[in-house]
Structure formats: structure tokens, C-alpha cells
Amino acid sequence: MSNEVKTKEKVDMDPKYIIKLTVTLFVTCVIVAGLLGLVNSVTEGPIEEKNKTKTAAAIQEVLPEMEGSPTVVELTDEMTAAASGAGATITEAYEAQAGGSVIGYALKIVSSGSQGNIEMMVGVDAEGAVTGVSIVKNSETSGIGSKVMSNENGVLDQFIGKSAADGTLSVGKNVDAISGATVSSRGVTTGVNAALAVAGVMG
Amino acid sequence: MNLKKQFMDGLLYQNPVLVQVLGMCSTMAITTSFFNGLGMGLAVTVILTLSNVIISAIRKIVPDKIRIAMFIVVIAGFVTMVDLFLQAFVPALAESLGVFIPLIVVNCIILGRAEAFSYKNGVVASFFDGVFQGIGYTLVLLAMCIIRELLGAGTFGGGLLGAGGKGIQIIPSQFPAGMLTLPVGGFLVLGCLIAAMQWALSKSKK
């Protein structure tokens, strides 16, 4: 077992050498990509299953009075525009019913946090007031931004009851942030604003 | 190959965090609860061991010029696999570690060991190097988690033990200094640990 690094290979621009480098790297990448595809085919199902269960649970959480299962609402250009006008993206919308009438909407909103996108479910009732906020997916810093995500000190509950009548929500004005996690708190606030805007055009 | 020396190097004399001062970013960021430290430590140990073995196995056919690119491809492959498996089967951990799992790709410990050890040594030695360096990393993470959690939140075993995985409250919740769970606490605790390590090492040399 030699402990020496191999002696320096030739550095000149010999085309054969360049081709050798290219082919080696290419073949490695192909092998790795193939293996990843294999792993992905194993994990794809469980991950999707988990995301589905989570979505259903999140809807139930933000609209606790919902009966039965929610109906998917097709996104219209108006809704998409309303969300992006508030600085976030809407990806899915659901309509919840109870006792035969529509009691509200669950909107899946993506806004940017401090470490990437925050995916959240926002419930808005028929009167246009927020009924709940639940985080579906996030990559916020563990122990800091994640405090906002896990609703520590009820930071997510403060949005309940807010409606378009409260004006644009903003951290420090009418929303309290968790210390050290201002950016994450802002991300959620933007999402709620977007949800209210979308609910506004859904009427 | 000297197993005992490799073991002692990983844990003490060449400890990746306290002596080589590698992987600082993740060390600061995730050591806020016991569960995070344990999960991150295990993930890094698995990835480090696998990538060490593969890199050592292919070291003879890897051209010198592009070795770093090859290392990164191998490491990124393993990290993505571990990330997918965690998301599929341990979602709680995947959620709590968040972006730090994908960031293992650029964790200097793994690239550092590839360059410094497995590129020059045999497969078996590289395997043990991965395991021991990984254990060394995990132990430091756990020490930091325990200190920061105890002094910062007053709990032990956060994310794993106690009611609702909040950890067992040891110090009543009005006393702990929340600052220790913030990044500044990470710097303070790590500084103290490195100082203690250097002191112990210099003392044992005499």
C-alpha cells in the first residue's frame, strides 16, 4: 500500500489525455446518475405518499370544520396573478365543505424563507378571514427558523382571524416575529398575504 | 494499517472538528438538539465511510487532474441517496435537519478525508478512517448539543426523549440562557471545546 500520491501526470494538451479526462468524468457521472435513478425509484413512492398524507392533514388542520374530503379547485390566471402580486406563488387550491355549503378554502402557497422555499397551507373561511396556517415543507435553519415552522409560542396562530380588512400584514407592524427568525417569519407573513389576496379574487 | 492509531486519530489527535477544524458550518448550525446532532453525525458517518471506500477503490483509475471533480460527483451521489432515504423513511429527521443534509456535499470533512486519506490508502484502511472520523465528528456534535441544549433550553435529549419529543426538562425553563441555542452560542461552546481539547493534547504530550 503506497502512501505516495501518484506522480504528476503529463500536463500538456495532448488530445488523447484530454479525451481520457472527459470520458472518465462522463462515465462516472453516468454511473452515479443511474444509481440515483435506482434509489429514486425506491423512495419516490413513500415520499409522495408522505406528502399526500401531509397535505390532507394540513387542510384538516387549517379548516377543522371541514367534513369529508376537500375538492381540488383549478387555478385561474387571476388567482396566480393575485398571489404573485403579494410576493408568493400559489400551487394548489382546495374547497372545503360542511353541511352541504362551502365553508372556506385551503390554499397551498410557496414563499421564500431564509434557506429556501416555505410551502404552507393557509385556510381562509367564506368571510375571507384566516382560519389557520400550517407549514407543509420548509428548509429553515434547524433550531431558529424551524421554531416559526413548528408554531412555537403560537407564532402561526396569530394569523387566525386576520382578513383583507387588516391591510397588508407585515412583521413588526401587525405580526410578531420570533427572535432570530425574522426572515422566516416574514416568509410566512408574505404567504398569508398572498392567500388573502387569492381568496379575495375567488370571492 | 494501524487500527488503534486510526481510532485514536479520529477521536482525539486528528479529530475532524476539534483539531482539523473542518465542517464548522454544520457543527454550528445543527447542534441545538440531541436528535439533530445524532442524526447529522450518523448521516455524515455513513456518507463519509461510503465515499471513502469508493474513492479509495477507484483511486488508481482517477486521473490526477480531475480528482476533485470525481470526488464531488461520488460524494454528491451518496448525499442525494441518503437525503432521499431520510425523506422517505425518517421524515422527522429530514425535516429537522432541512438544508443541512444536501449541504453535506460541501462538508469539508468528507472532501478533506478523500483528499488526505482515501486517495492515498487502501480500501479497508479508508473504510475504518471513515468510520472513526465519523464517530469523532458525531461525538463532538453530541457534546455540543448536550451543552447547548442544557444551558440554552434546560433540556436533555431534545427531539428524542420526553413528552412530545421536547426533551427532559432538567433546569427549570426560566433559568436557561436562550442565547446558547442561537449561532453565537455555537461559537462560544465550540471555542471552549477546542480550547479544552488543545489544553488536554498539549498536556498529554509533556
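Analyst: Two strands pair if DSSP finds at least two bridges between them. Helices (H or I, at least four residues) and strands (E, at least two) are DSSP runs, numbered from the N terminus. This is a predicted model: local features need pLDDT of at least 70 and side-chain atom pairs count only at pLDDT 80 or more, while totals for chains, interfaces and linings use all residues. Residues are numbered from 1 along each chain as its sequence is written, and chains are lettered from A and ligands numbered from 1 in the order in which they are written.

User: Let's start with a turn. How many residues lie between β4(A) and β5(A) in their hairpin?
Analyst: These two strands are antiparallel partners over six bridges, with A:V122 standing opposite A:V133 in β5(A). In the turn, A:G128 has a positive phi of about 90°. The number of residues between the two strands is four.

User: Which residue in β4(A) stands opposite A:G104?
Analyst: β3(A) and β4 (residues 117-125) of chain A run antiparallel and are joined by nine bridges. They form a hairpin with four residues between them, where A:G116 in the turn has a positive phi of about 145°. Opposite A:G104 we find A:D125.

User: What is the order of the strands in the open sheet of chain A?
Analyst: A sheet is held together in a simple way: its strands pair through backbone hydrogen bonds, either parallel or antiparallel. Here the open sheet has five strands with antiparallel pairing, in the order β1-β2-β3-β4-β5.

User: Which are the edge strands?
Analyst: Look for the strands that each pair on one side only. Across the sheet, neighbouring strands are turned by 25° against each other on average, direction ignored; axes are lines fitted to C-alpha atoms, for helices over the stretch in contact, and angles run from 0 to 180 degrees between N-to-C directions. The edge strands of chain A are β1 (67-73) and β5 (130-137).

User: Which strands of chain A does α1(A) touch as it packs on the sheet?
Analyst: Contact needs a rule: the C-beta atoms of two residues, placed from the backbone, must lie within 7 Å. The direction of α1(A) makes about 160° with that of β5(A). The strands that α1(A) touches are β1, β2, β3, β4 and β5.

User: And which strands does helix α2 of chain A touch?
Analyst: Helix α2 (residues 77-85) also packs on the sheet, and its direction makes about 115° with that of β2(A). The strands it touches are β2 and β3.

User: Is A:I18 buried or exposed?
Analyst: A:I18 sits in helix α1 of chain A. It has 12 other C-beta atoms within 10 Å, so A:I18 is exposed.

User: Where is A:N151 found?
Analyst: A:N151 has a positive phi of about 60° although it is not a glycine. With 15 other C-beta atoms within 10 Å, A:N151 is partly exposed. It is found in the loop between α3 (145-149) and α4 of chain A.

User: Now to chain B. How many helices and strands does chain B have?
Analyst: Along the sequence, the pattern of chain B is α-α-α-α-α-α-α-β-β-α. Of its 206 residues, 45% count as buried. Chain B comes to eight helices and two strands.

Key:
A residue is buried if 20 or more other C-beta atoms lie within 10 Å of its own, exposed if 12 or fewer, and partly exposed in between; C-beta atoms are placed from the backbone.
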